[in-house]
Amino acid sequence: MKQFIAFVNKEFRHIFRDRRTMLIILGIPVVQILLFGFAINTEVKDLHVALYAPSPNSFINGVTERLYQSEYFTYRAELDDPIKMEESMRKGKLDMMVLFDSKGEAVQLIINSSDPNRGSIAATYATAIIAGYQQELAGMRKMPFQIEVENRMIYNPEMKSAYMFVPGIMGLVLMLICTMMTSVSIVREKERGTMEVLLASPLKQGTMVFAKTVPYLAISLVNFASILLLSYYVLKVPIQGSLWTLTLISILYIFLSLAFGLLISTLMRNQINAVIISAILVMLPGLLLSGMIFPIENMPQILQWLSHIVPARWYIDIVRKVMIQGLGWAVIWRETTILVGMSLLLVGSSILNIKSRLE
Amino acid sequence: MGSVIEVKELTKRFGNFTAVDRISFDVKEGEIFGFLGANGAGKTTAIQMLCGISKPSGGTGRVAGYDINKESERIKRNIGYMSQRFSLYEDLRVWENIRLFGGIYGLPEKMIAEKTNELLERLDFESERNTMVKSLPLGWKQKLAFSVAIFHEPKIVFLDEPTGGVDPAMRRQFWEMIYDAAERGITVFVTTHYMDEAEYCDRVSIMVDGRIDALDTPKELRRIHNAASMDEVFTRLARQAKRVE
Amino acid sequence: MIVVENLHKTYSTGLGKKGKKGKGKGDGNHYGNGDGDVKALNGVTFRVNKGEIHGIIGPDGAGKSTLFRILTSLLLPDEGPSKATVAGYDTVKDFRQIRQIIGYMPGRFSLYQDLTVEENLNFFATLFNTTVKENYHVIKDIYGQIEPFKDRRAGALSGGMKQKLALSCALVHRPTVLFLDEPTTGVDPVSRQEFWEILDKLSEQGITILVSTAYMDEANRCTRISLMQGGRFMATDTPKGITESYDELLWSVEGERMPALLAELRVHPSVKTAFAFGDNHHVTVREGISVDALREHLTGKGFNKVRITPIEPTVEDAFMKASMEVLNGNE
């Protein structure tokens with residue numbers, strides 16, 4: 001036990017004395033949250049639109065009025081001329097052209113899709129507005145019955161993207177730091193030659209690796225707290241479900257990431273390799289296959305299968321359910337079981353891989 | 001004969017610690033100059049200033065004809081350097097290393113090719129042309145590293161503990177290469193912890209606490225200090241060190 | 001205390017083999033035999049008694065570090081009819097016991113540079129389930145010299161001080177056997193002498209020491225030495241025994257124009273070998289030539305004031321002779 005404590009102390013000293021790394025570790029989550037919260041905004045507003053109608057009529061006026069009123073669109077009346085329109089669209093100053101035919105009966109939407117996300121949202125909004133207006137007109141003609149469509153957004157009524165990425169960042173940052181830092185810190189002992197002295201001492205290999213994980217567990221809890229506080233107070237993302245459940249699941253996830261770091265460290269010989277491998281194995285799947293940015297349902301089948309082995313996918317899923325939707329154990333037990341299973345697998349294989357000799 | 005190194009009152013301070021304390025000396029053309037001192041006496045810092053890697057805090061000097069305060073880039077082009085720690089790229093082949101260093105010093109392609117053949121022949125190394133440097137024995141590596149360091153025919157070559165860990169026979173072969181180079185007019189500036197090697201130098205300086213405490217031929221130094229060997233001279237001087245690093 | 005019989009170690013350079021990087025760090029200087037395998041140890045046999053200082057003398061790449069790593073249980077030797085025990089414990093089977101009783105100082109500085117002197121020492125004491133206080137008497141001589149700097153980070157120490165700290169850390173649990181792999185490499189002659197004085201004291205306390213070095217002059221400070229080259233022990237004996245079994249006629253030749261003199265000596269038909277040895281040349285000669293005859297010959301070639309004296313060989317002479325015999329035997 002004394003050995004264990006001495007080792008943990010030593011690890012904390014390494015971390016605290018390396019100010020730069022310390023700053024990076026604690027700064028990454030803060031920067032990420034603020035970056036995603038303010039700089040990178042997936043909400044689309046202020047779409048510039050212009051309209052061309054060779055022979056105006058009441059229908060066209062109605063559409064124009066509604067586009068003008070919509071909060072999503074900025075109507076650029078001064079551009080209502082095909083040549084000007086084309087020119088400003090080419091310059092990227094216009095997002096959408098609404099073109100009516102000479103009779104004023106058919107309408108064409110020309111959309112600038114250089115940003116596909118923005119483009120498709122513009123199309124959806126415009127189509128909805130035009131369709132809505134048509135329905136309105138139809139209603140006035142006294143249809144025998146009318147289907148009224150009423151949308152209600154639940155869980156994220158304001159459609160804030162923060163609801164989407166906060167769980168994602170938690171999944172990414174926690175794993176990245178735990179995995180990278182543990183693997184680097186063990187590999188560093190190999191690289192600096194201190195591993196040789198440790199091996200030639202009575203210290204058990206297991207004691208060493210577990211002592212290595214303690215400081216990173218602590219730091220990750222700090223990160224977890226700072227992410228939650230920032231998203232709650234700065235980005236106003238509520239925590240709907242149980243904080244305890246969330247914490248417990250996060251500890252499980254941190255543990256899994258530490259085990260993954262250990263496994264990498266048993267396989268690598270120098271710090272650069274350890275960093276690169278952890279970054280590739282965590283960052284890429286974490287960003288692409290976890291559902292943080294791209295919905296898993298829209299992926300090709302093979303990538304969907306692949307996403308099953310990405311721990312972040314399950315963790316992000318749980319966090320969304322607990323934090324955003326306020327759901328409990330009843331709906332997250334499956335994901336939790338998967339995470340537990342993955343952790344056991346990783347811990348087991350890293351223990352099997354720990355060597356008591358240099359080879 | 002002119003001087004290849006002339007320094008006056010050369011000083012290097014780090015904060016309030018004076019690593020090199022007003023050293024002055026000359027090294028003549030074609031001379032083998034031994035630069036001795038205990039660990040921490042300031043040798044490495046002094047060499048870094050002479051090679052143009054580190055800027056002096058005070059003093060003046062010229063190396064290979066260039067001002068060490070103002071023309072460090074020119075100095076670097078006109079010297080050779082080799083140390084025990086870094087000499088060659090381990091993961092390149094023998095010829096690749098030679099070509100690389102020839103290229104770094106701007107030698108024309110054709111000249112590199114000719115000189116490479118000549119060098120490999122002289123070292124009796126032709127069979128190893130395509131060998132990875134990391135699989136060469138240390139002694140061979142050091143011989144090759146030395147040849148590469150003087151490949152561009154510098155006026156002076158700095159050797160920082162070139163023979164550490166090398167076996168006795170190889171160590172002597174290495175010194176014979178040093179003699180050959182000196183014969184060809186290349187000045188050799190060498191540090192070593194082997195005191196028998198100090199005897200092979202034309203002149204030897206011994207640094208203690210950042211200063212040069214002795215500078216003469218090995219024979220004279222032995223006579224002045226009434227010592228049987230350079231080992232004794234060195235021990236006597238180094239024991240006077242007061243600096244606690 | 002140490003018994004080694006017929007020890008072999010082969011590194012595969014890993015070309016398509018299991019994907020493992022089997023090559024020990026820092027041991028990359030062995031010359032390959034072409035098929036990708038490198039023989040680092042080739043049948044090493046020796047024995048060290050309690051309280052002895054046994055020196056392994058050889059250049060880098062001779063296989064010293066591999067031998068140390070096998071004896072400290074960090075590497076497995078090749079399988080076969082070999083034996084390697086430390087204090088009666090087998091280096092393969094009883095590695096846990098061995099790790100309780102040995103102190104090991106690897107060739108590379110292997111302490112935590114970002115921890116202070118005192119923190120390093122305390123850490124290693126705890127690692128061995130002891131305290132600095134308990135064994136202070138063992139390390140007093142050496143640690144006392146660096147104790148004034150106990151709050152300084154190890155990375156900021158000078159070479160000599162680092163080496164003293166490393167020795168203190170290897171000693172803090174009062175090991176039965178101490179393994180020092182090239183402790184004096186890159187260290188100046190004065191610090192080296194101090195270091196050997198400390199080793200003498202430790203051996204007086206009954207600690208067995210296995211030490212390797214590339215400096216031949218340190219051989220005389222050992223109880224017994226083994227001359228090592230190319231993974232083999234060329235000889236094992238007391239330093240005196242080694243030099244006494246040197247059976248060549250050895251002369252020292254001094255004069256002016258030493259490099260030219262050496263070249264002249266080499267072409268003389270009665271001279272077998274001629275090597276520079278500091279301020280004189282060591283020359284082995286064939287039977288039948290006299291000191292006077294050689295001097296006359298040299299004077300005739302224009303070398304004045306030549307002094308020739310028969311001398312006793314040093315360990316370095318013996319090493320060079322032995323390694324040349326191995327070389328010639330191989331070809």
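**View 1. Helices α9 and α13 of chain A make a left-handed crossing in this predicted model.** Here we're looking at residues 243-267 (helix α9) and residues 329-353 (helix α13), both in chain A. Their axes come within 8 Å and cross at roughly 25°. Angles under 35 degrees count as roughly parallel, so α9(A) and α13(A) are roughly parallel to each other.

**View 2. A closer look at the residues where α9(A) and α13(A) touch.** On the α9(A) side, look for A:I249, A:L252, A:F255 and A:L256, which are among the residues making the contact. Over on α13(A), the contact residues include A:W329, A:L339, A:V340 and A:L346. Which classes of residue make up this contact of α9(A) with α13(A)? There are 16 nonpolar and 7 polar residues, and no charged ones.

**View 3. Chain A meets chain C.** Chain A brings 22 residues to this contact, and chain C brings 26 residues. Two helices of chain A, α1 (2-17) and α7 (194-199), each supply at least two residues of the side that touches chain C. The largest share of that side of chain A comes from α1(A), with 7 residues. Sort the side of chain A that touches chain C by class and you get 7 nonpolar, 6 polar and 9 charged residues.

**View 4. Chain B meets chain C.** This contact takes 32 residues from chain B and 31 residues from chain C. In chain B, α5 (138-149), α6 (168-183), α7 (195-199) and α9 (230-238) each give at least two residues to the side touching chain C. That side of chain B has 14 nonpolar, 9 polar and 9 charged residues.

Technical notes: Residues numbered from 1 in each chain as written. Chains lettered and ligands numbered in written order. Predicted model: local features only at pLDDT ≥ 70, side-chain atom pairs only at ≥ 80, totals over all residues. Contact = placed C-beta atoms within 7 Å. Helix = DSSP H or I, 4+ residues; strand = E, 2+ residues; numbered from the N terminus. Nonpolar A, V, L, I, M, F, W, Y, C, P; charged D, E, K, R; others polar. Axes fitted to C-alpha atoms, helices over the stretch in contact; angles between N-to-C directions. Parallel < 35°, antiparallel > 145°, perpendicular 65-115°, else oblique. Left-handed = near helix turned anticlockwise from the far one by under 90°.
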